[in-house]
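Take a look at the structure below. We will walk through it one step at a time.

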Amino acid sequence: MSKLKIIFGFVILSLFQQCYSFTGSSLTDEKTVQINEFPNNAALVNPTLSQQFSTDIQNRFLQRTTLKGTKSNPDILIEGEISDYNFSPTTISSNTLTNPSGGVVQQAQSKLTISVKVHYENKIHPDSSFDRTYSDEVVYNSDLSQSQIETSQVKLVTDRIINKIFNDIVANW
């Protein structure tokens, strides 16, 4: 009886797999992608952001899809620019410290915001092409050094933006 259940389960699973793609990708006919460099055109320039963002988005598409990279006549073209890179003070946190003289000091927090304009062109399905701006932010304690911000907080924000872009293009959400 249990062998029959197992065989029946495999038959159902194979039928289901033929009807549904487990990748969830809306890119079925597209084979090639070209992802151009995203220049940093923000008023405040992080010197490594353009290269880091461009490399990270290329890696995301080449590693998580079956698309092959190309420099000529791609099925999909992704390009854009980093349009905003901004630091701003936000709040005073509830975290408190006691200074050496016995006074209480509240920690200040700052916010990093990054915005990226994206042009997505799909030559196979032109109706799915778009131009959009993606933005994300992170709030962090103001006692972080510039180096700590650029290694951890910038990476966090750019990963979130890349996730949004990837989902809009590949998952078509």
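How many residues does helix H2 have, and how far does it reach from its first C-alpha to its last? Helix H2 covers residues 49–64, which makes 16 residues, and it reaches 22 Å. That is close to the 22 Å expected at 1.5 Å a residue.

Keep in mind that this is a predicted model. The pLDDT averages 84 over the chain, and 76% of the residues score at least 70. Over residues 18–23, however, the pLDDT is below 50. Beyond near neighbours in sequence, that stretch has two contacts in the model. Where pLDDT is low, the predicted coordinates should not be read in detail.

Back to helix H2. Its buried residues are Leu49, Ser50, Gln52, Phe53, Ser54, Asp56, Ile57, Arg60 and Phe61. What does Thr158 touch, leaving aside its neighbours within four places in sequence? Thr158 is in contact with Leu49, Gln52, Phe53 and Ile114. Thr158 itself lies in helix H3, residues 146–171. Its relative accessibility is 1%, so it counts as buried.

Now the rings. The count comes to four aromatic pairs. In one of them, the ring centres of Phe38 and Phe53 are 5.1 Å apart and the planes stand at 70°, so this pair is edge-to-face. Phe38 sits in the loop between strand S1 and H2, while Phe53 is in helix H2, 15 residues apart. Both are buried.

Phe61 and Phe166 also pair, with centres 5.1 Å apart and planes at 65°, so they are edge-to-face. Phe61 lies in helix H2 and Phe166 in helix H3, so the pair ties together parts 105 residues apart in sequence. Phe61 and Phe166 are buried.

Key. Residues are numbered from 1 along each chain as its sequence is written. This is a predicted model: local features need pLDDT of at least 70, side-chain atom pairs count only at pLDDT 80 or more; totals for chains, interfaces and linings use all residues. Side-chain values use heavy atoms; hydrogens and water are left out. pLDDT is the predictor's confidence in each residue, from 0 to 100. Contact means heavy atoms within 4.5 Å. Helices (H or I, at least four residues) and strands (E, at least two) are DSSP runs, numbered from the N terminus. The expected span of a helix is 1.5 Å times one less than its number of residues. Buried means under 20% relative accessible area, exposed over 50%, partly exposed in between (1.4 Å probe, protein chains only). Rings of Phe, Tyr and Trp (its six-membered ring) pair if their centres lie within 6.5 Å; planes under 30 degrees apart count as stacked, over 60 as edge-to-face and the rest as tilted.
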